[in-house]
Amino acid sequence: MQRHWMGRHLLMSLIAGLLGLTTGRPVWAASYRVGIVLDKGGKDDKSFNAAAFKGAQEAEKKLGVQTKVLEGRDDNSSEPMLRSLAEKKFDLIFAIGFSQAEAVKKVAAQFPDRHFVLVDSTVTSPNVASVIFEEHEASYLIGALAALTSKTGKVGFVGGMDIPLIRRFQMGYEAGVKGVKPQTKVLVNYAGVTGESWNNPPKGKELALTQYNQGVDVIFSAAGATNMGVFDAAEEQKKLAIGCDSNQNWIKPGFVLSSLLKRVDVAVFKIIEDGQKGIFHSGIIKYGLSDQGVDFAVDQNNEKLLSPEILKKLASLKADIIAGKIKVPDYYVVAKAK
Amino acid sequence: MLEYLLDLAAATLRLSTPLIFAAMGGLISERSGVINIALEGKMVVGAFAAAVVTLSTGSPWVGLIGGGLAGVLLAALYGVAVLPLKANQIVAGTGINMLAFGIPPFVAKILYDVTGSTPAISLAERFSVAPMVLAVFLPLVIWSFLSHTRGGLWLQFAGEHPSALAAAGVNVRRIRWASVLTAGFLAGVGGATLSIFLSSAYSRNMTSGRGFIALAALILGKWRPLPVLFACLFFGLADAVQMRLQGIQMDGFGKVPVQFIQILPYMITIVVLAGFVGRSRAPRALGNS
């Protein structure tokens, strides 16, 4: 009996090995399964969720892991999706977006033998890793970029849903603006207070038009798919906008000054890579300017818009933030202190 | 100051445009006696179809009609459920809304291999003002149709006294069918204005509840074309004003919290509905078919 089993096992691994040779990737590693639940924006938001999706795709291609990506229609659908992934014994389960924190808390407690990764919020549990990005640091640079580029002395900020996370962008941005040009005015608008605020390009466009008409010439928009409307307005008014999360420079070349990069793709890839090797750290994982977890995008679509002097100034500000010479106000800390 | 007011007026018109089309669709349907809570769903498919058609033909006008026709298809499905099959109109309408949200991702996957949004439409292929003008004239056309033509009279009777209309030898069901399909067209066009006029692509769930706001405007305007137009403009104005008020200092209050400003249009609706417009009476035979 034992020998028979051994024989079959041997045969199977032989076949697997041969398959591995033909496809150029180790088949036995494909058994590592990763489930990803995106939030309401969906994988085609060209922004935050798109970045997570990109990381998952890269992991599938380069590491040969098996991934399954789900997207919820509303905030209530993430809990059953997380649970079903846990029940199907996925090795690593990602929850992308702050709105899934409660669901992760619940499901992680029910499946203590599964590993969960929450992005953009924190849950304390031995089987949950919480990934946090230091958005305020990069927002400071974006603010400086906006203020240095603006000719009118007025810059804008369009937020998606009014939540602490986006306030963190706003606070960093305002600090950056005032840091390089204290007399610059900052106009702030939010698309709304519900999850729909991430998916409302007509509203984004209207908010941007309002700001442009008041003399703003650069707008930083952190509003998920609503950003598309801000870019439309920039194109129509021949003004500038700055994207967020993913590199959005390509969407309207010539009108997107730069994008705040939040490398969710890098984080997702890194955690899958570690997980495949059997490494999983629970607790808070921070990505900041120093490890390129957040940054601003320079590519062929926007290099003509950025002067060497501005790039030089931004590089020195970046070094100062990393070195701790500039302390960027963090909304999470400030709000807690209140 | 004048510049500011002109800017405000333009924003109001832009924001009202999708609402006006959808609310006029709802008006035609409900005045003939068929409840129409599926405006939102028809707007979603209209927005999607308009983007797809504009992308493939390069003409926003063809896109606008394509959006309307998509609304008609969905309305036909609703019509079959509620007219010959006599399904409960609220339940059927809710079902249509749910179905509608599933269609764009499904078709987009086949056409563009994405599930969220369509590719972007270039500036030259988008509308700049035309839908706004249409939206303002549409209620006038509907008003003169309802009050000055035989067809309009029949439509009103279908909603108030269908038995009287039947006794006069007119086919009530045929009139309701025509109304339901027209409503589908108008709501579809309303959705189309979102994707090819107010932005540059269809994106996931981009209607953001505008179909229901149109429904509120319909009730606020007491199912009459011109008051409904003004109700839509009022909603648009409230939205435009709140965008400009966000973060502005008011004496004694400090900064106005964005949450408060955001609820303003809804709060005003409730206040107005409760006291100032008198009783808002629905067509008598609404929902009985």
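Chain A and chain B bury about 2800 Å² between them, with 44% of it on carbon and sulfur atoms. In chain A, the residues that lose the most area to chain B are Arg73(A), Pro202(A) and Glu206(A), together 20% of what that side buries. Keep in mind as you look around that this is a predicted model.

How many residues does each chain bring to the contact? Chain A gives 34 residues and chain B gives 33 residues. Between the two chains the count is five salt bridges. In one salt bridge, the side chains of Lys203(A) and Asp239(B) meet at 3.7 Å, N to O. The interface also has 11 residue pairs in polar contact.

Which elements of chain A each supply at least two residues of the side that touches chain B? They are strand E7 (185–192), helix H7 (201–213) and helix H8 (227–237). H7(A) gives the largest share of that side, nine residues.

The structure holds three cavities of 30 Å³ or more, and the largest cavity has a volume of about 190 Å³. Of the 18 residues lining the largest cavity, the closest to its centre are Asp39(A), Phe48(A), Trp198(A), Gly224(A) and Asp245(A). Helix H2 (48–63), helix H6 (164–180) and strand E9 (240–245) of chain A each supply at least two lining residues, and the largest share, three residues, comes from H6(A).

Here are both sets of residues by class:

Terms used:
Residues numbered from 1 in each chain as written. Chains lettered and ligands numbered in written order. Predicted model: local features only at pLDDT ≥ 70, side-chain atom pairs only at ≥ 80, totals over all residues. Heavy atoms only, no water. Contact = heavy atoms within 4.5 Å. Buried area = accessible area lost by both parts, 1.4 Å probe. Salt bridge = Lys/Arg side-chain N within 4 Å of Asp/Glu carboxyl O. Polar contact = N/O pair within 3.5 Å; in protein donor to acceptor, adjacent residues only side chain to side chain. Helix = DSSP H or I, 4+ residues; strand = E, 2+ residues; numbered from the N terminus. 1 Å grid on protein atoms, 1.4 Å probe; cavity = no way out; pocket = protein on both sides within 12 Å on 5 of 7 lines; lining within 4 Å. Points joined across faces, edges and corners; volume = space filled by probe spheres on them.
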